[in-house]
Amino acid sequence: MFKLQTGEALVETLIVLPVAILLIFIIIQLALIYNAQILVNYAAYSAARAAVVHDNHTLYAKLASTIILSALSKENALLSLVIPTKNGNELSVKVIYPFKPTIPIFKNFLSYIPISATCRMKIEK
């Protein structure tokens with residue numbers, strides 16, 4: 001009636017488990033990238049706001065974005081690129097952050113992922 005099924009569950013587990021673990025790592029890495037994108041957007045907004053309020057646009061934009069991005073990584077925050085451009089009465093700030101993957105599997109394939117955001121504000125003085 002019943003056939004002897006020794007070892008089938010172990011073989012099935014060995015086939016499914018690596019795929020499931022890889023899928024979990026991919027989900028975690030995508031969540032970390034999404035978190036970094038949110039912080040880069042906020043850093044661009046803060047940099048634009050600081051550049052509009054103060055006269056020295058480049059210095060205050062870089063300082064504001066570095067402070068926000070240091071929540072992700074202190075050394076990468078210093079490597080981030082902040083480009084303020086003034087066009088008439090509008091100031092645009094672009095922030096490019098080099099995000100390094102944290103999951104060891106992805107470190108082998110990607111050295112960094114550039115995450116960028118741009119924010120524009122009117123200068124009202």
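Predicted model: local features only at pLDDT ≥ 70, side-chain atom pairs only at ≥ 80, totals over all residues.
Good morning. Seven bridges join strand S1 to strand S2 (residues 90-99), and the two run antiparallel. Strands here are DSSP runs of E with at least two residues, helices are runs of H or I with at least four residues, and both are numbered from the N terminus. Two strands count as paired if DSSP finds at least two bridges between them.

Residues are numbered from 1 along each chain as its sequence is written, and side-chain values use heavy atoms, with hydrogens and water left out.

Let us look at the whole sheet. Three strands make up an open sheet in the order S1-S2-S3, with antiparallel pairing. Strand S1 (81-87) and strand S3 (113-122) stand at the edges with a single partner strand each, so one side of each has no neighbour in the sheet. From one strand to the next, the twist averages 15°. As for individual residues, Val82 stands opposite Val95 in S2.

Which strands does each helix lie across? Helix H1 (residues 8-53) lies across S2 and S3, at about 30° to S3. Helix H2 (residues 57-69) lies across S1 and S2, at about 140° to S1. These angles run from 0 to 180 degrees between N-to-C directions, and the axes are lines fitted to C-alpha atoms, for helices over the stretch in contact. Contact means heavy atoms within 4.5 Å.

The lengths of the helices can be checked. The expected span is 1.5 Å times one less than the number of residues. For the 46 residues of H1 this gives 68 Å, and the end C-alpha atoms are 68 Å apart, which agrees.

Next, burial. Buried means under 20% relative accessible area, exposed means over 50%, and partly exposed lies in between (1.4 Å probe, protein chains only). Ile28 of H1 is partly exposed, at 37%. The buried residues of H1 include Gln29, Val40 and Ala47, and their cover includes H2, S2, helix H4 (104-107) and S3. In H2, Ala61, Ile68 and Leu69 are among the buried residues, which pack against H1, helix H3 (74-79), S1 and S2. Ser92, in strand S2, is buried at 16%.

Finally, the core. In soluble globular proteins, nonpolar side chains tend to be buried together. A nonpolar core is a set of buried Ala, Val, Leu, Ile, Met, Phe, Trp, Tyr and Cys residues joined through side-chain atoms within 4.5 Å. The largest one has 24 residues, and those with the most contacts inside it are Val40, Leu69, Leu91, Val93 and Val95. H1, H2, S2 and S3 each supply at least two of its residues, and the largest share, nine residues, comes from H1. Setting aside neighbours within four places in sequence, Val93 contacts residues including Ala44, Val82 and Ala117. Thank you.
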